Amino acid sequence: MSRHNASAEDIALDRLPKAPLNRESLRQTMALFRYVRPYRVRFFSGLTTLFISATLGLVFPLLAGTLIDAALHPGQATVPLLGILTLNQVALLLAGSVTLQALASFNSALAFNRVGQSALADLRRDCYQRLITLPMAYFSQHRVGALTSRVSTDVAQIEGALIDALPSLCRQTVFLLGGLTMIALTSGKLTAVMLGTLPLLIAAAVFFGRRLRRYSRETQDQLAATNTIVEETLQAIASVKAFANEAFELRRYNKSNARVLSAALGAARWRAVFVAFFIIALFGGIVIVLWFGASLMQSGGISAGELTRFVLYTTFVAGAMGQAAELFSQVQKTVGATQRVRELLREPVEIEIAAAAAGSAAAVKLPRLRGEVAFEGVNFRYPSRPEITVLHDITLAARPGERIALVGPSGAGKSTLTALLLRFYDPDNGRLLIDGREAREYPLGWLRGQMAIVPQDVLLFGGTIAENIVYGRPGASDAEIREAAQLANADEFISSFPEGYATLVGDRGVKLSGGQRQRVAIARA
């Protein structure tokens, strides 16, 4: 029962945090740009061609309006810096600008994707490296699903921002500022009319944007809860089937899935209302501008080409403003994801693994352990349960060559002693001596390399039998693998398989029996 109730509390771990755009949050986000630094030449190449593409996009309405003027008033169509041009010359110039814009857009998209994917591959590598070098105490306080989301969901959000949102933000900024400048130069009166409709659009974007973000966040939370149920069920599938609880788990999933659907439909309703309102406001504003512009054209205040140019620039400005709310929401999500990733990257790692070179140097000078172990007055509490004393004033000794069995009821601390021996944790008080020296004095990686463990609940990796055995000593030869299997009395059943040592064991070793998994684990040890 407690397992089912706990998932509600753990939803917060998977929540994409609401991150306000302040100086500190933006500073943390910009700190991740160090992953772009090795690819800065290509990045600035993409940024340059992006601005070229956006600028050429602003040239299109200018040339389109000039094309109409050239058709209606031959010999009077003027292009800035080029003077009076004929209809064919304007059309050729228009085709050339579109071609250059396409080439610049191609280079910019390719550059941003290459830089983004390369930088994010480095970020994923560092996140994974940090995860596997964190101490056991950290994993006892965090869910696996929440941690894997750092490497998948959060990094994917950063990927979308770097590859899509950042180029879009730069492009829309050019369109907005350039469009406003060009419409102001085209007609001051029409600009005043158009700007009169903007406050309504801005207010609508802010109003609907807040509600859409709230519903999107709720959808993400409920989806995280649903994914947690799937993860728990599949990890404990044997228990689910042993207790015939398939129907119970299905009901639990259906309830959570219904909450996801409800939140998603709520967001869809607000999004639909926003789209409808924005269309009315946007095209209503264009109708007003067209009506006022047609009146000016009728009175000779502007030409047909200038009106066309103005309307096109107005759509550029409106489109840029229409994406502002979505881009702002994506930036907020990216800042939140960045904060979670940065928190992970700042976590302190285990001392020896963080300094592997030093550990290797120390390991050369140390003799092989004799196997003398002594616990002297050891007290210990798990960091995740500091109120419960697991070991209290434990004193025991084991001499080299002795075989010792630790006997006691469940929860007495038998597994905890093994965890302290492997230095998954350190005692709160007392000393752990190995060969007469404090365990803390040994390089951590070297110390664990002197031990082997066969757990009661054997977990095999989803590769071949040979890959699972060689995990105990990476780089071992086929002959050494077979020798280890023979010593563990596993060679006979392994050789009976059609594929022998190349037999796939399946996820967590499900294709092998319990006893076979134990023998493979012994061979690995």
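At 48% relative accessibility, Glu 441 counts as partly exposed, a class lying between buried (under 20% relative accessible area) and exposed (over 50%), with a 1.4 Å probe and protein chains only. Glu 441 forms a salt bridge with Arg 437, their closest N and O atoms being 3.4 Å apart; a salt bridge is a side-chain nitrogen of Lys or Arg within 4 Å of a carboxyl oxygen of Asp or Glu. Arg 437 is likewise partly exposed, at 33%. Salt bridges with shared partners also join Asp 122, Arg 125 and Asp 126 into one network.

The model is predicted, so local features need pLDDT of at least 70 and side-chain atom pairs pLDDT 80 or more, whereas totals for chains, interfaces and linings use all residues. Residues are numbered from 1 along each chain as its sequence is written, and side-chain values use heavy atoms, without hydrogens and water.

In the whole structure, ten salt bridges are found. Side chains of opposite charge can pair when their charged atoms come close. Among these bridges, Glu 402 meets Arg 399 at 2.9 Å, N to O. Arg 399 is exposed, with 57% relative accessibility, while Glu 402 is partly exposed, with 37%. Another bridge links Glu 372 to Arg 370, with 3.1 Å between the closest N and O atoms. Here Arg 370 is exposed at 54%, and Glu 372 is partly exposed at 33%.

The lining of the second largest pocket comprises, by class, 15 nonpolar, three polar and four charged residues; Ala, Val, Leu, Ile, Met, Phe, Trp, Tyr, Cys and Pro count as nonpolar, Asp, Glu, Lys and Arg as charged, and the others, Gly among them, as polar.
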